[in-house]
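Please follow the explanation below with the sequence and the model side by side.

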Amino acid sequence: MGLDGIIILDNNGRPIIQSGFRSSTTVYPLLHIDAVNNALEKAERPADVDPVLYIPNTTDVSSACCHVQAGDLRFLCPVSGDVDPLLAFAFLQTFIDILREYLGTVSAATLRDNFDIVYQLFEETLDVGGHPLTTYPNALRDIVIPPSLMNKLLSVTGTNFNSTINSGFGAGAAAGPFSSPIPWRKTGVRYNNNEIYFDIVEHLKAIVNKNGVTLSSNVHGKIEANAKLSGTPDCSLSFTNPQVLYDCALHPCIRLLRWNRDKVLSFVPPDGRFTLMDYTYSSQSPNSPLPTSPNVALPFVIKPNIELEDSGGSFDVTLTSRYSTHALENVVAELHLGQGAGGIRCSVSRGSGGGGFINAAESRNSGSSGGSNRASWSFDAQRMILRWEIQIVPPSSSWSLHGSFVTANRAPRPSHAIRVCFDISSHTYSALKVGQLKVTNAKENYKPYKGVRGRSSGEVEWRW
Amino acid sequence: MSVDYLNAITENASRLGMRIQESLSEHTREMNLSRTSASYFEADDKGKNIRKQLDSSSDREKLDAMKRLIALISKGRNVSEYFAQVVKNVASQNLEIRKLVYIYVLRYAEQEPDLALLSINTFQKDLNDSNPFIRAMALRVLSGIRVPMVGNIVVLAIKKCAADFSPYVRKVAALAIPKCYQLDDSHLPSLIETINKMLNDTSPLSIGSVAVAFEAVCPTRLDLIHQRYRRLCKLLVEVDEWGKVDLLHLLLRYARTMLPKPIINSDGEEVDQDIELLLSSVEPLLQSRNPAVILAAAQIFWYTGPPSVHGKVVRPLLRLLQTSKEVERVTLSYIRVLARTDPSLFSPYFVRFFMLLDDSRQVKAEKIKLLVSLINYENHQSIFRELIEHTADPNDEVVADCIAAIGKCAELIPEATQTCLSALTEMIKSNHDVVVSNAILVLKQLVQAQLSQKSNITSSTNGSRSALKIISSLAHRIDDIRHPQARACVIWLVGQYCASDQASSGIAGMAEWAPDVLRRTAKHFSTEDVLVKLQIITLAAKLLVLNSTEQTLALLNRYVFSLARYDLNYDVRDRARMLSSLLAGLTSVSLDYDDELTAAEERGGVVLRAEQVKVILFNGKVNVTNKDRSEPSNVIIGSSAIITGKPTLNDNMIPDWLEEGVESALRDSPDDALSAPVPVLSVSSADPLNNPSNMMVSDQNVGKPSPTVPNGRKWASNLDDFFNEEDTNEDDESSEEDEDEDGDGEEDGEEADAVEDSIEGHDEEEISSEDDSENGEEEHDPAQHNVLRS
């Protein structure tokens with residue numbers, strides 16, 4: 001009963017590293033690996049594989065395999081008995097985050113380079129009985145030393161500075177593992193420059209119907225923080241407009257009572273990067289919590305003109321920015337053309353509007369040649385997706401994609417929606433404003449540098 | 001402070017410098033900065049040196065060897081042969097080495113119990129180390145060595161660590177308890193005692209693990225919780241994420257077994273204060289960032305709270321949909337289970353379940369089911385439009401799901417039936433086979449449902465008229481319907497429902513469009529699919545029964561039957577032969593050219609009258625209402641059975657409410673009254689079985705069965721009930737499956753035939769048995785007639 005372990009597969013479906021599986025037979029992990037590989041082979045696209053696979057077992061307890069894709073790896077978490085798959089996914093996500101923190105990028109290569117670290121992390125994060133142990137990155141860093149160049153150098157020269165500290169000598173003597181009274185923050189943190197940064201990141205998800213009416217739109221935001229503060233700082237962050245925040249999910253460090261009472265985030269931050277809170281942007285009053293009516297104006301309009309005929313079709317899509325101050329960046333529009341599509345002929349062009357407008361984004365890119373050169377298209381023949389990329393869409397400019405395609409089947413079957421992803425820098429939909437950030441520290445007196453910035457992205461499905 | 005710090009740094013730096021210098025001089029030749037762990041991983045050394053390295057005096061060599069061993073383990077190699085050498089290093093001063101040794105020892109201890117015993121002394125010594133990490137590590141290895149001999153030592157170690165001042169060590173001690181129990185259950189009494197003590201732990205870090213131990217070792221001893229219940233509730237907010245999940249499960253079980261069920265009556269709800277305490281302590285947890293915590297909290301609200309608080313779980317669950325694709329898929333299934341009991345909670349949020357392009361197959365399927373279950377009069381148009389839009393999905397299964405869902409919506413919202421029918425008829429024009437065939441299947445179900453309503457109410461309703469209109473429009477468009485299944489289905493519909501008493505310009509006794517369908521399909525008979533051919537001859541037979549005097553029809557029939565008689569497919573030939581003998585008595589025009597020569601009396605066998613044939617052909621099948629294969633109602637959210645669709649043996653179960661709960665005074669803890677802690681210990685740690693006075697106390701307090709032993713029984717009887725329930729459920733399910741299979745058969749457009757076949761086959765048997773007797777005695781006939789009449 002519980003989470004039986006973790007198996008990491010490379011992109012060929014071969015296991016690279018797996019944790020102990022001491023409480024089960026040796027075939028047990030193999031059954032799970034096979035099940036995942038078989039399912040992947042059968043599925044039309046990898047995303048269609050059910051993330052929870054039932055594994056019929058010869059023994060008395062049936063099991064399920066929960067798996068997640070991360071980079072070029074697939075993480076498997078077999079669970080036996082009746083365990084909530086959400087527990088497995090929550091744990092896998094935590095584990096992947098920890099790996100990311102330790103190794104920078106999570107890939108087959110970095111895992112191979114640091115397999116001993118990964119093994120130690122397996123041991124420390126998951127108990128043999130199937131229950132998560134230590135998952136606070138700050139606490140973990142005390143017991144599993146992150147690989148760094150310094151560390152590598154030392155291990156080559158045969159010295160281990162950090163482990164010496166851990167054994168109870170040197171400067172960290174007082175700061176041995178698990179000596180901190182606050183589980184998410186280690187003691188004895190010291191910085192020459194004390195700084196704390198907050199990124200307010202918002203993501204819009206919307207569906208627009210054939211007539212250009214927004215069917216649903218949701219903005220989810222999170223506040224990412226990077227704390228580099230000495231000692232045990234106590235922060236309190238208040239907003240000028242906390243009423244836009246709904247459905248909040250808070251980092252365990254936040255004092256719930258303060259938040260629920262005064263809408264002030266009061267916390268002792270962990271050291272380093274962490275997500276302070278997640279929220280949903282909503283402008284309704286809490287008395288009528290019906291988020292059905294769209295409350296965010298979409299940043300652009302699309303006029304899709306797609307015609308299907310026998311064995312092919314033609315399209316003429318225009319995208320016009322609705323914003324007058326912010327530029328849309330990294331705009332990617334995707335259209336799935338359906339099985340057997342090919343023979344694509346396309347042209348991209350920049351229409352009128354916004355031409356004379358010089359904004360920050362444009363001047364930043366003044367080096368590159370202007371006009372339609374920054375828009376391009378490509379066709380992914382494996383996924384049958386036509387991609388239209390525009391690096392920067394200046395305010396109120398308009399762009400168009402024009403072309404045709406043929407299909408092997410008589411009746412073309414493209415998906416009836418265009419999916420558009422984009423980023424907007426220095427902008428938030430909710431206009432959430434930080435009112436004040438107070439950092440108090442009982443022992444040391446320092447004035448940290450504080451920074452806040454906003455960033456947003458979006459994903460809109462425009463049906464036609 | 002900072003001076004100390006500086007000193008420490010300089011001290012360390014100089015130490016480091018010295019060490020580096022030493023090592024540099026020692027290993028200059030091997031110095032190679034680019035070398036990473038990967039070389040351990042890739043190098044396929046046979047490990048000749050490992051033994052030597054492990055025995056060497058240099059930490060660096062040992063570390064190198066250990067890494068090499070771990071690399072071999074992860075390659076799946078069995079490296080247990082080095083156990084003896086490795087065990088020697090358990091006492092290494094280098095923490096790095098020690099950790100790797102622990103990993104190794106844990107993996108192979110079971111295979112090498114004797115050698116593992118050698119290391120036990122070291123671990124026991126480590127239990128006294130000043131570093132809590134070392135103490136915890138030692139206990140983990142000790143409890144991980146699965147050698148029954150060490151059981152006593154482990155119990156002692158657990159006891160010792162359970163009282164450790166570091167909560168981390170206590171946490172590890174609690175997690176070691178189930179392992180120890182598994183190894184040797186004779187330690188149960190002392191383990192329960194330890195758990196009992198640990199339940200008083202006030203550290204939020206370890207209490208979750210204590211709950212784990214409790215559930216694993218003594219789940220029936222809920223009496224131990226009584227006095228801790230309120231404290232646990234209050235502690236809940238502080239507990240770490242994973243501990244919250246475990247503690248919530250325990251509290252849920254406790255509440256269901258021990259607390260009075262909320263009473264809902266006309267004046268409102270009556271909720272016990274202890275349940276209120278639980279709910280108010282759990283509410284902040286709905287703001288957790290961890291999906292597992294949110295779900296565990298939602299379980300508490302849903303399964304212990306009165307209906308008025310159920311709404312609180314809605315938005316937190318909806319928020320989970322954004323977390324990740326995997327979490328979304330699981331949460332959708334849970335929401336579907338909840339929406340089944342109370343759709344009104346989720347129906348305002350139906351737009352959240354609109355489908356996206358990159359949703360996986362399962363997510364789309366779940367969303368479609370959810371949309372159907374959330375449909376009501378206000379939102380049916382939007383949901384309808386959404387479903388209709390997704391009939392253009394590139395995935396065939398999604399299309400089928402959508403169209404079936406449209407049909408279901410039409411049943412649920414009678415006002416929408418017209419819109420639905422027109423949408424479906426529109427789909428029949430599509431040039432995608434999947435759309436057409438699915439649309440026709442659903443149309444057929446709707447038409448049948450409407451017509452069966454008519455037969456129930458007797459007076460012909462609007463519905464049945466419109467249903468006939470649909471059939472007639474389908475009949476007119478028969479040439480456009482190309483998909484064989486769909487075509488077969490339409491032809492069957494035409495034959496089944498063409499009977500009409502109204503005078504029309506066409507042939508009497510049937511709707512005017514029916515013979516035309518036969519004419520048009522007969523033209524292409526030879527190129528049709530087998531399915532369609534079977535239906536064409538059935539249609540021909542039905543029309544002939546309705547009007548056996550019309551000459552053109554008879555000729556058409558004769559044409560079709562003669563084509564069928566020489567068809568390549570034996571099913572078609574069989575069917576034609578059977579039908580033609582069935583119809584033998586009806587018409588003067590023989591259906592077989594060959595038979596023209598044979599005299600009617602020479603054919604032998606039974607000749608049926610028109611009414612009899614009609615019964616056989618038309619009433620062959622009862623309207624099949626396709627029922628949803630409903631899932632067992634006792635599944636609870638948080639159970640993987642919902643996701644996999646397979647019942648797990650040890651299902652998560654929610655105990656039934658105890659109508660009145662146990663006396664709330666039991667939960668009055670002396671802690672609350674600020675009395676001395678001594679009595680707490682004496683009461684709580686005493687083994688109730690050996691302590692009659694304690695039993696007495698509880699008996700007096702409860703005034704009903706004492707909570708200790710009878711609770712165990714209650715639990716067990718629940719188990720029985722549960723399995724009984726499951727059994728019956730399984731029965732239900734299998735019977736539903738049977739029905740389903742019928743339904744499937746129907747969807748093939750062949751169902752009528754299937755049933756007809758069974759009846760006709762029966763006839764045939766009798767007929768053939770008479771054929772055997774060649775000059776069959778005439779006496780048999782009346783008997784046959786009687787049988788058929790009855």
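A:Met384 is buried, with a relative accessible area of 11%, where buried stands for under 20% relative accessible area, exposed for over 50% and partly exposed for what lies in between, using a 1.4 Å probe and protein chains only. A:Met384 sits in the loop between strand S17 (375-380) and strand S18 (385-393) of chain A, and its phi is near 60°, a positive value in a residue other than glycine. Helices (H or I, at least four residues) and strands (E, at least two) are DSSP runs, numbered from the N terminus.

This is a predicted model, in which local features need pLDDT of at least 70 and side-chain atom pairs count only at pLDDT 80 or more, while totals for chains, interfaces and linings use all residues. Residues are numbered from 1 along each chain as its sequence is written, chains are lettered from A and ligands numbered from 1 in the order in which they are written, and side-chain values use heavy atoms, with hydrogens and water left out.

A positive phi, of about 45°, also occurs at A:Asp247, which is not a glycine. A:Asp247 belongs to strand S10 (residues 245-250) of chain A and is buried, with a relative accessible area of 17%.

In chain B, B:Leu175 is part of helix H11 and is buried, its relative accessible area being 3%. Apart from neighbours within four places in sequence, B:Leu175 is in contact (heavy atoms within 4.5 Å) with A:Asp127, A:His131, A:Leu133, B:Ser209 and B:Val212.

How is helix H11 (residues 167-183) of chain B placed against helix H9 (residues 132-144) of chain B? The two pack at an angle of about 5°, with their axes 9 Å apart, the axes being lines fitted to C-alpha atoms over the stretch in contact and the angles running from 0 to 180 degrees between N-to-C directions. H9(B) and H11(B) are therefore roughly parallel, a term for angles under 35 degrees, as against roughly antiparallel over 145, roughly perpendicular from 65 to 115 and oblique for the rest. Among the residues that make the contact are B:Phe133 and B:Leu139 of H9(B), and B:Val172 and B:Ala176 of H11(B).

Turning to chain A as a whole, there are 9 helices and 22 strands, and buried residues make up 58% of its 464 residues. Of the contacts in chain A with a separation of 6 or more, 72% come from residues 24 or more positions apart.
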